[in-house]
Amino acid sequence: MVDQLRLRQPQVSKHLRVLSAAGLVDVRVDAQRRIYALRPAALQELEVWLERYRCLWEENYQRLDAVLEELKTGERKTRKKKLGRTKR
């Protein structure tokens, strides 16, 4: 995991401890090693919780897109007016 994540071993261990404390992974001790396994049920619960926020994010992005489009349109109108003034 250290090589795949490009992190130092203590960093990986710390992240795994946090995931374990959050209940997202199970850990079992095997002599000097700790073997981690994902807990699918916990991840499904997390997915359900996150879905509420994804919907809100999507709505906010759509509103932001509308505002940006309005700004672009307004900016184009302003430029045309300015160009028209300089040509006179």
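This is a chat about a predicted model of one protein chain.

Colleague: What elements does the protein chain have?

Modeller: The protein chain has 3 helices and 2 strands. Starting at the N terminus, the order of the elements is α-α-β-β-α.

Colleague: How much of the protein chain is buried?

Modeller: Of the 88 residues in the protein chain, 8% are buried.

Colleague: And contacts, what share join residues at least 24 apart?

Modeller: That share is 0%, counted among contacts between residues at least 6 apart in sequence.

Colleague: Let's take H2. Where is H2, and how many residues does it have?

Modeller: Helix H2 covers residues 9-21, which is 13 residues. From its first C-alpha to its last, H2 reaches 18 Å, close to the 18 Å expected at 1.5 Å a residue.

Colleague: Which residues of H2 are buried?

Modeller: Val-12, Ser-13 and Leu-16 are buried in H2. Looking down the axis of H2, the buried residues fall within an arc of 100°, so they line one face of the helix.

Colleague: What do the buried residues of H2 pack against?

Modeller: They pack against helix H1 (2-5), strand E1 (25-30) and strand E2 (33-38).

Colleague: And which exposed residues sit on the face turned away from the buried side?

Modeller: That face of H2 carries Pro-10, Lys-14, His-15, Val-18 and Ala-21, which are exposed.

Colleague: What follows H2?

Modeller: Gly-23 follows H2, and the phi of Gly-23 is positive, near 80°.

Colleague: What about Arg-6, where does it lie?

Modeller: Arg-6 lies in the loop between H1 and H2. Arg-6 is not a glycine, yet its phi is positive, at about 55°.

Colleague: Is Arg-6 buried or exposed?

Modeller: Arg-6 has a relative accessible area of 78%. Exposed means over 50%, so Arg-6 counts as exposed.

Colleague: Now Ala-31. What is its phi?

Modeller: The phi of Ala-31 is near 60°, a positive value in a residue other than glycine. Ala-31 is placed in the loop between E1 and E2.

Colleague: Is Ala-31 buried or exposed?

Modeller: Ala-31 is exposed, with a relative accessibility of 69%.

Colleague: Change of topic. How much space lies in the largest pocket?

Modeller: The largest pocket holds about 210 Å³ of space.

Colleague: Which residues line the largest pocket?

Modeller: The lining has Met-1, Val-2, Gln-9, Val-12, Ser-13, Leu-16, Arg-17, Gln-32, Arg-33, Arg-34 and Tyr-36. Val-12, Ser-13 and Leu-16 are also the residues given above as buried in H2.

Colleague: Which element gives the most to the lining of the largest pocket?

Modeller: H2 gives the most, with 5 residues. Both H2 and E2 supply at least two residues of that lining.

Colleague: And by class, what does the lining of the largest pocket have?

Modeller: By class, the lining has 5 nonpolar residues, 3 polar and 3 charged.

Terms used. Residues are numbered from 1 along each chain as its sequence is written. This is a predicted model: local features need pLDDT of at least 70, side-chain atom pairs count only at pLDDT 80 or more; totals for chains, interfaces and linings use all residues. Side-chain values use heavy atoms; hydrogens and water are left out. Helices (H or I, at least four residues) and strands (E, at least two) are DSSP runs, numbered from the N terminus. The expected span of a helix is 1.5 Å times one less than its number of residues. Buried means under 20% relative accessible area, exposed over 50%, partly exposed in between (1.4 Å probe, protein chains only). The arc is that of the directions from the helix axis to the C-beta atoms. Contact means heavy atoms within 4.5 Å. On a 1 Å grid over the protein atoms alone, a cavity is a set of points where a 1.4 Å probe fits but cannot get out, and a pocket is an open set with protein on both sides within 12 Å along at least five of seven lines; lining residues have an atom within 4 Å of a point. Grid points are joined across faces, edges and corners, and a volume is the space filled by probe spheres set on the points. Ala, Val, Leu, Ile, Met, Phe, Trp, Tyr, Cys and Pro count as nonpolar, Asp, Glu, Lys and Arg as charged, and the others, Gly among them, as polar.
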